[in-house]
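Biologist: Could we go through this model together? I would like to begin with the ligand and then turn to one of the helices.

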Amino acid sequence: MDRVLVTGPLIGDSVSRLANHFRVEYSKNEVMGQEAFSRAVTDAWGIVTMTSLRVDRNIIDSSPQLKAIANLGVGCDNIDVSYAQTRGITVTNTPDVLSESTAEMGMGLLLATSRRIVEGDRMVRAGEFSGWKVDLLLGSELNGKTLGILGCGRIGQAMARMAGAFEMRVLYHNRGRLQAEVESRLQLTGVDFDGLLEESDFVVITAPLNEESHHLFDLATFERMKRSVILINIGRGPVIKEVDLIAALERNLIAGVALDVLESPPSVADRLKECPNVTLTPHLGSATTEARTAMSDLVIDALLDVYHGRVPNHVVG
Ligand code: 8YV
């Protein structure tokens, strides 16, 4: 029997569906570290990868039997997809099922930061709430404001729909224009990157990480944004150059930030933690029972599809 490596815990019982066809090595309690993964992958036929694990050329070259990589997540920047393709390896991801959860997280961060919910919570717990006053932790309303979405794919579009309920004006910037039908249904206006920076009261990053988006938000970018802007990142950490973000916050170039993703997770700079107008969450975008259960099913479906000679639903590349 061929060997399948599942590199971290999944939700539900989906892994048991592999048992009739494979020898399964299942890291049931925690996500494998990179080193343990490199050692374990060598004779695997298939792997379920967590997006925190790097699948580069060396890993691929060290695994001559490898036929399928099922990534638990939609972003595949952790995998050298084009190299895997040249080796005839099928790479799959888990889109759609996590769009609503991730967009809801984006709206949650938007509200938490604009209404200073986490700051308020910290204040109460620290015993620093000494009584109501008219200007205590004033935030800003979403209603009537402009939301700029960088990378308006499925998650961005779900956020646009939700933002519509708050009567926000929604701009987006993508590599290409969305279809006219999508723009009109979601009341979206496409703009260039400058327009997005200049006009948005809130900017949300849902764009994938690639050469173009790496460190797209640096000091020069922050200097072009409104001083009152709140920036939300639910995409990938390295889209923001973290040292420049800290400088921008310390110099009040922007008003606040919420990060669900960090540049070098799980570490986070002390200076970032010290800024009052920062909300930090540990990559919870798709962390709902609904999304993670569906993602766990999809990765197993994908491996079984490749095994049975079928084309999986979500092939990347
Ligand atoms: C995953 C994500 O939960 O889908 C993605 O790209 O970032 C998250 O939904 C996370 O990467 C776990 O593998």
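Modeller: This is a predicted model. In it, an N or O atom in the side chain of R292 is 2.9 Å from an oxygen atom of the ligand. The protein covers 88% of the 330 Å² of accessible area that the ligand has on its own.

Biologist: What lies 2.3 Å from an oxygen atom of the ligand?

Modeller: That is a polar side-chain atom of T51.

Biologist: Which residues are around the ligand?

Modeller: They are T51, L72, G73, V74, G75, L98, R236, H283, S286, R292 and M295. By class, this shell comprises four nonpolar, five polar and two charged residues.

Biologist: Let us change topic to α6. How many residues does the helix have, and what is its reach from first C-alpha to last?

Modeller: Helix α6 covers residues 154-165, which is twelve residues. Its reach between those C-alpha atoms is 18 Å, close to the 16 Å expected at 1.5 Å a residue.

Biologist: Which residues of α6 are buried?

Modeller: The buried residues are I155, G156, A158, M159, A160, M162 and A163.

Methods. Residues numbered from 1 in each chain as written. Predicted model: local features only at pLDDT ≥ 70, side-chain atom pairs only at ≥ 80, totals over all residues. Heavy atoms only, no water. Helix = DSSP H or I, 4+ residues; strand = E, 2+ residues; numbered from the N terminus. Expected span 1.5 Å × (residues − 1). Buried < 20%, exposed > 50% of the residue type's maximum accessible area, 1.4 Å probe, protein only. Near = heavy atom within 4 Å. Polar contact = N/O pair within 3.5 Å; in protein donor to acceptor, adjacent residues only side chain to side chain. Areas by Shrake-Rupley, 256 points an atom, 1.4 Å probe, with all protein chains shown as cover. Nonpolar A, V, L, I, M, F, W, Y, C, P; charged D, E, K, R; others polar.
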